[in-house]
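Here is a short report on one protein model and its ligands. It is meant to be read beside the coordinates.

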Amino acid sequence: YKKYAPYPTVGLKDRTWPDKTITKAPIWCSVDLRDGNQALPIPMSVDEKVEFFRLLVSVGFKEIEVGFPSASATEFAFVRKLIENNLIPDDVSIQVLTQSREHLIRRTFEAIKGAKNAIVHLYNSTSRQQRDIVFRMSREEIITIAVAGTRLVRELKEASGNPGIRFEYSPESFTGTELEYALDVCHAVMDEWGASATNKVILNLPSTVELSTPNVYADRIEWFCRHIKNRDAVLLSVHAHNDRGTAVATSELAVMAGADRIEGALFGNGERCGNMDIIIMALNLMTQGVDPELDFSNLPHIKQVYSRCTRMTVHPRHPYSGDLVYTAFSGSHQDAISKGMKAHQRAADGVWDVPYLPIDPEDVGCNYEAIVRINSQSGKGGIAYVLEKEYGIQIPKWMQPDFGAVVQEVTDRTGEELSAEQIHELFQKEYIGAT
Ligand code: KIV
Ligand code: ZN
C-alpha cells in the first residue's frame, strides 16, 4: 500500500497535520445478507444468499451478519444450510440478529446450533421517539428488556457449551437516544453479560437514522469511549445508515473517535438510503496508504455477483465502482491523465500520482481502456492519446489542433461519442486518403 501517499502530502510547518488519521483497518462486519437483504424489493433466495456469502468470504470478511433467522423460514433455512454444508470457514464468524424477545432468542440459538463461531446480535430500541411513540414505555422498562434478553443469551450460551458464541448488543435508534441514557442501558447490559477483557461484549451504536453531521455522531462515539466503565471489556462497533448521504464520513470519523469495528454493506445496500458502503470506506483507506484488509481487486466481478443476487444496479458515478469513474471526456482532463500515466510509467518510486485519478484502475480490476473517450467535450490531447494507445500512431504537435477540429466537427454534428476505431478511420481519411 506504499503506492498511495497519505494526502495532503504537505502539512503546516509548525505542526503535524491533520491531527487524526486512520492508521489501521477496523474490524469489518458485512450486513449485506441481513440489513441489505431486508431492504430489497425482492429478497435473496437461499441459493442467492449462499452465492453472496461465498463472495463475502472471498473478499476477506471475517464477520458476516447472515440474517434474522427467527424472523422467517428462508432466513432460518439459510443459516442451517451454511452450518450443515460446512460453508463457513473456521476463521469466519456468522452473526445473527434477534430482537430481545424470549421466543425469538430461543429460535436464534436453534438456528446457530453446530456453528463453530457465531455472534448473537441482540437489539432493542432506546430512542425517545421509540419509547414515547412506538412502545409507550419508560426508560426503566426499556432497560429491563435489554437486560432480560442479555440474560437469556448468556444462559443459552452457557447451556450450549460453545465457547465460539459471542455477544453483540445494539441500542437501536442510538442516534435519537439521550447519550447518558444510552450509556446506562449499555452498562446494564455489560453487567448482565459479565463483560471483561476476556469476555468482551460488542457494543454496536447504530446511526439507525442519520440525524446529524458526521462530527456530531463522532463526538458521541468519543464521549462514549471516554465514559464507558470498562473500555477493555468492550469492542465498540458502529453501524451507520446513509440518510444524509454521509454514512462513510460518519464511519471514518467514528473510527478516529475510537470505534474498533465497522458494520456496512457492499455498494451501500440497506434500508432507505442504505448502509455505509464498505467498498468506499475500504478503498478510501487504501488510497491513504492503509491496508484495508479486504480484497477489492476485482470490483467488476463483485459488482456482477452483487447485481445478480440483489437485482440492484450500481450508479455509473458510484465512487470506485461506477462505469464512468475511470473515464474522462473533457480535453484538459484527458491531457492531464495522459501525461500523468506516462509519468507514472517512468517513476521509480511507483507512487500513484496521476491527476484526476485518485486510484489506479488496475488496483480494482478495471483498466485504462475506458479512461479516454472522445465526444464533443474532448480535446486534441485526448484524441492524440487514443491514437497512440490503440494504434501506436504518434501524431506530431502541429497536426493535433488540425485533427482535433476534424474530430470535433463530427462529434458536434452527431452529438455522439466516437470509438477509437472511428477516430482511426477519420485519421486515415484525412491524412492518408484511405476510406
Ligand atoms: O440500523 C440499525 O439500527 C440496525 C440495528 C438492528 C443494529 O440495523
Ligand atoms: Zn441498520
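## Basis and conventions

This is a predicted model: local features need pLDDT of at least 70, side-chain atom pairs count only at pLDDT 80 or more, and totals for chains, interfaces and linings use all residues. Residues are numbered from 1 along each chain as its sequence is written, chains are lettered from A and ligands numbered from 1 in the order in which they are written, and side-chain values use heavy atoms, with hydrogens and water left out.

## The chain as a whole

The protein chain has 15 helices and eight strands. These are DSSP runs, numbered from the N terminus: helices are H or I with at least four residues, strands are E with at least two. The C-alpha trace spans about 85 × 55 × 40 Å along its principal axes.

Of the 435 residues in the chain, 52% are buried. Buried means under 20% relative accessible area, exposed over 50%, and partly exposed in between, with a 1.4 Å probe and protein chains only.

Strand β3 covers residues 93-99. Six of its seven residues are buried, so the strand is largely enclosed by the rest of the structure. In a regular strand the side chains alternate between the two faces of the sheet.

β3 pairs with β2 (residues 63-67) in parallel, through four bridges. Pairing requires that DSSP finds at least two bridges between the strands. E63 has S93 of β3 as its bridge partner. From β2 the chain crosses through helix α3 (residues 73-84) to β3, and this β-α-β crossover is right-handed. Right-handed means that, with the strands pointing away from the viewer, the path from the first strand over the helix to the second runs clockwise.

β3 also runs parallel to β4 (residues 118-125), joined by six bridges. Here I94 is partnered by A118 of β4.

## The zinc site

Which residues coordinate the zinc ion (ligand 2)? They are D35 through OD, H239 through NE2 and H241 through NE2, at 2.0 to 2.1 Å. Donors are N, O and S atoms within 2.8 Å of the metal (3.2 Å for Na, K and Ca); water is not among the atoms, so sites may look incomplete. The donor spacing in sequence is D-x203-H-x1-H.

D35 lies in helix α1 (residues 32-38) and H239 in strand β7 (residues 234-240), so the pair ties together parts that are 204 residues apart in sequence. D35 is buried at 2% relative accessible area. H239 is buried too, at 5%.

## The shell around ligand 1

The residues around ligand 1 are R34, D35, L97, H121, Y123, S170, E172, N204, P206, T208, H239 and H241. A residue counts as near when one of its heavy atoms lies within 4 Å. α1, β4, β5 (165-172) and β6 (201-207) each supply at least two residues of this shell.

S237 lies in strand β7 and is buried, with 0% relative accessible area. Its side chain makes a polar contact of 2.8 Å with that of N204 and one of 3.0 Å with that of R261. A polar contact is a pair of N or O atoms within 3.5 Å; within protein, one must be able to donate a hydrogen and the other to accept it, and residues adjacent in sequence count only if both atoms are side-chain atoms.

N86 is not a glycine, yet its phi is positive, about 50°. N86 sits in the loop between α3 and β3 and is exposed, at 68% relative accessible area. Y356, also not a glycine, has a positive phi of about 70°. Y356 is in the loop between α12 (331-346) and α13 (380-391) and is partly exposed at 48%.

Q408 lies in helix α14 (residues 400-414). Q408 is partly exposed, at 32% relative accessible area. Q408 and V31 are 377 residues apart in sequence, and their C-alpha atoms are 48 Å apart in space.
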